[in-house]
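Reader: I'd like to walk through a two-chain model with you. Could you show me how to read its features one at a time?

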Amino acid sequence: MTTMEIQTPEAASTHSYRRLVARRIAILVGLTLALVLSVAVDVSLGPARYPVWDVLQTIFAPGGAELQMRVVVWDIRMPMALLAVTVGASLSLAGAQMQTILANPLASPFTLGLSAAASFGAALAMVLGVALVPGAVALMVPINAFAMAMAASLLIFGLSTLRGVTVETIVLLGIALVFSFNAALALLQYFASEQALSAVVFWTMGSLTKATWGKVAVTAAILVVCTPLFARRAWALTAIRLGEVRATAMGVPVKRLRLEALVLVSVLAAVPVSFVGTIGFIGIVGPHVARLLLGEDQRFFLPGAMLSGSVILSATSVLSKAILPGAVLPIGIITALVGVPFFAALILTKGRKSW
Amino acid sequence: MVALSLEHIGANYGRRKILSDATAEIQGGTLTALVGANAAGKSTLFRRIAGHLRGTGHIRLQGAVAHDLRYMPQDTGMTAALTVYESIILALKQGGGGWRLSATELGAVDETLRHFNLSHLADQQLSELSGGQRQAVSIAQTLVSRPKVVLMDEPTSALDLNRQYEILEALRLYAEQTGAVMVLALHDLNQVMRCCTATVALAEGRILASGATLDVLTPDLIRRLYGINSRVERCSQGCPMMIVDGPTAQLAL
């Protein structure tokens, strides 16, 4: 009888934890199903109206489909739909880990200046025809964007290694970068020809319409390389959220981990941005949605942030086609217009302090 | 039994010397207090022993290795979206291991929660805890991996009287059961006299005295540590108590 009395509270807290884990796994499964559904709808939608059944048939039995339909589904819609998945996952994962290592809910590729740097790099190519990497003229715009985004993150990375630099300093520096690159971009736009100006404006709106299988493969490969590297450090990354002092006391090499994560995050953010332009919202909202749904145990938060980023961008892609029949609106606009009210509602109704 | 010996320990912050020539022998199995005024170098000594700061001198452990040491800093800032249970798993898992949790690990978390009377808070979010609850959770995080050398920086500063008693008793029991070296930085000298067998007294980065608590905490040493005139007398139950008469400067006037 005495033994039973001692064991009851033990069993209760572990039992309750197991239920929590089961709930989190169910949420991850739910997000995965939502993603599959969203991708399916995304592929079946487009300016050319094909019946859903025909689209599905073209996906699963491409041999029997008409050439035009095969081209539309396989070479246009599928890369777009899948690029939304990989870009959403990359930006959200980058944002999640930036927020984790910098202990700041506002950290994201957008707020730390990576997107602004990429836009400036792209504009350099479009307005002045300057290729930052010689010899790559055909891919001048994405390569310039990537080079500038990496330069911005390496600057942040370099400064963060200096003695006495705190996470607050890094965030403030990122904000300074946003303003600097935006000013430089505005200067380029001021001198740009009408044609170059419209190209720059369209690029900065963010768009998936230039998706190719190559871009899907590159972004997917980066995710395949970076995700296990974060996953291996899941416990240490979670501990960082208890604060630098406590994490260090727990034996986490905080400074080294922060630098390693910054390198991975730079690549994760720079490549998608160079392909699709500025989609600022995902890097902030994806991680917050995952945090509200799953907490910050990285075993759930890491896949959760990737899935929520993918679902949000994929659903936004659907909306960008559905709002104006026959047209595809720039996805960067839709993410902000639709996403912000949704995000605000989620934060205000959830009523739980997560920072 | 575990023992910790400090031999001529020194540490600097930049060019500023914070700790010099600190030498002491600390035995396990009981609670040892580290006392001293604010900025005397208590946290620095802990960080130096824990290996977070480099410096001069030697730190030797008997019956334990560096991996068995846990340091609990004062800072209990807990804003992560984690439950109390998860935060204790997290502390346990920093020693290594994969994503999976074994029944033994879950059992250790349960046992620690129970030992510190925290089972009822297991599902609560860290951000929803009071200051005292956070401190108690922090203590549980520190001890869940059953360390053999424990350094705690002001572990009772946010606790109410009842919880102070409860937690110090749980810590004393832990030391007794495991033979661990437990050094607690404390400000309440009556608490020290009641719970800690040994005391190390630190002033301006130097160890002024170390040994049995009642031998160390003399009115003369308390005057040198805090600038306070005091008496140590026995209460009606026979327990030693420190009675404060006032600051030395004021009395001199």
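Author: Happy to. Let's start with one residue, B:V149, which lies in strand 6 of chain B. Keep in mind that this is a predicted model.

Reader: Is B:V149 buried or exposed?

Author: Buried, because its relative accessibility is 0%. Leaving aside residues within four places in sequence, B:V149 is in contact with B:V2, B:L61, B:A64, B:D68, B:L69, B:R70 and B:V181.

Reader: Before we go on, which confidence scores does the predictor give the complex?

Author: An ipTM of 0.87 and a pTM of 0.88. By chain, the mean pLDDT of chain B is 91, with 97% of its residues at 70 or more. Chain A averages 87, and 95% of its residues score at least 70. Watch residues 1–10 of chain A, where the pLDDT is below 50; that stretch has 6 contacts in the model beyond near neighbours in sequence.

Reader: Now the interface. How much area do chain A and chain B bury between them?

Author: The general idea comes first: the size of an interface is often given as the accessible area lost when the parts come together. Here, chain A and chain B bury about 3,200 Å² between them, and 59% of that is on carbon and sulfur atoms. Of the area that chain A buries against chain B, A:W235, A:L242 and A:R246 supply 24%, more than any other three residues. In residue terms, the contact takes 36 from chain A and 38 from chain B.

Reader: And how many salt bridges are there between chain A and chain B?

Author: The count is 1. B:E86 pairs with A:R24 in a salt bridge, and their closest N and O atoms are 2.3 Å apart.

Reader: What does A:T238 touch, once we skip residues up to four places away in sequence?

Author: A:T238 touches both chains: A:E296, A:D297 and A:Q298 on one side of the list, B:L82 and B:L90 on the other. A:T238 is found in helix 9 of chain A, residues 234–240. With a relative accessible area of 2%, A:T238 is buried.

Reader: Why are B:R172 and B:E169 about one helical turn apart?

Author: Because they are 3 residues apart in helix 5 of chain B. As for cover, B:E176 is exposed at 52%, while B:R172 is partly exposed at 27%.

Reader: What should I make of backbone angles?

Author: Most residues other than glycine have a negative phi. B:E154 has a positive phi, near 45°, and so does B:E204, also near 45°. B:E154 is in the loop between strand 6 (149–153) and helix 5 (161–178) of chain B, while B:E204 is in the loop between strand 8 (198–203) and strand 9 (206–212).

Reader: Are those two buried or exposed?

Author: B:E154 is buried, with a relative accessible area of 15%. B:E204 is exposed, at 76%.

Reader: Last one: which residues make the nonpolar surface patch?

Author: A:L319, A:I323, A:L324, A:I333, A:L337 and A:V338, which together make a patch of about 500 Å². Helix 14 (residues 331–350) of chain A gives the most, with 3 residues. A:I323 lies in the loop between helix 13 (298–322) and helix 14, and at 45% relative accessibility A:I323 counts as partly exposed.

Definitions and conventions
Residues are numbered from 1 along each chain as its sequence is written. Chains are lettered from A and ligands numbered from 1 in the order in which they are written. This is a predicted model: local features need pLDDT of at least 70, side-chain atom pairs count only at pLDDT 80 or more; totals for chains, interfaces and linings use all residues. Side-chain values use heavy atoms; hydrogens and water are left out. Patches are made of residues with over 30% relative accessible area and no salt bridge: like charges are joined within 9 Å, nonpolar side chains (Val, Leu, Ile, Met, Phe, Trp, Tyr) within 5 Å. Accessible areas come from the Shrake-Rupley method with a 1.4 Å probe; for residues, only the protein chains shown count as cover. A salt bridge is a side-chain nitrogen of Lys or Arg within 4 Å of a carboxyl oxygen of Asp or Glu. Helices (H or I, at least four residues) and strands (E, at least two) are DSSP runs, numbered from the N terminus. Buried means under 20% relative accessible area, exposed over 50%, partly exposed in between (1.4 Å probe, protein chains only). Contact means heavy atoms within 4.5 Å. pLDDT is the predictor's confidence in each residue, from 0 to 100. Buried area is the accessible area (1.4 Å probe) that two parts lose on being put together, summed over both.
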